[in-house]
Amino acid sequence: MAKSAGVVMRACAYPLAYPGQEILTTAPELNHLGPILDKVEEKVRAIRLLNEMLPTLKGGGIKHQPQFQASFINGARIMGRLPNRDGRGVKGSLGAGAFILTRHGKV
């Protein structure tokens, strides 16, 4: 539970710290990823500042299909993706020169 709580808190802090950027949460299977993303959505809706940063459009900036994504009015996005069946990485929008936030900082 401690690892997932840390993932949830980092995901919730990300839109505030990195406007216009994306954070990606992934796991090997949906039964691992689903509960974490449910907690992320619950926290986003519970924290007033984050909730007010969601757009007022239909769906409120959070969609679940085909994959989880929370979009904020400052351009930040929290995304959840599963890897491909053959074990390759997650398809994303990282381009050349993109930074990835790790526990050791941006790499």
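## The buried side of α2

In helix α2, the buried residues are L33, G34, I36, L37, V40, E41 and V44; buried means under 20% relative accessible area, exposed over 50%, and partly exposed in between, with a 1.4 Å probe and protein chains only. An α-helix has 3.6 residues a turn, so residues three or four places apart point the same way.

This helix covers residues 30-46, 17 residues in total, and spans 24 Å from its first C-alpha to its last, close to the 24 Å expected at 1.5 Å a residue. The expected span is 1.5 Å times one less than the number of residues.

## About the model

What you see is a predicted model, in which local features need pLDDT of at least 70 and side-chain atom pairs count only at pLDDT 80 or more, while totals for chains, interfaces and linings use all residues. Residues are numbered from 1 along each chain as its sequence is written, and side-chain values use heavy atoms, leaving out hydrogens and water.

## The whole protein

The protein has 3 helices and 6 strands, in the order α-β-α-α-β-β-β-β-β along the sequence. Helices (H or I, at least four residues) and strands (E, at least two) are DSSP runs, numbered from the N terminus. Of its 107 residues, 29% count as buried.

## The nonpolar core

Which residues touch the most other members of the largest nonpolar core? They are V40, V44, F72 and I78, in a core of 20 residues. The elements giving two or more residues to this core are α1 (2-17) and α2, and α2 supplies the largest share, 5 residues. Such a core is a set of buried Ala, Val, Leu, Ile, Met, Phe, Trp, Tyr and Cys residues joined through side-chain atoms within 4.5 Å.

Setting aside residues up to four places away in sequence, V44 touches C12, L50, N51, L54, I62, F72 and I78. Contact here means heavy atoms within 4.5 Å.

## After the helix

I47 sits in the loop between α2 and α3 (48-52). Is I47 buried or partly exposed? I47 is partly exposed, because its relative accessible area is 32%. Although I47 and C12 are 35 residues apart in sequence, their C-alpha atoms are 8.9 Å apart in space.
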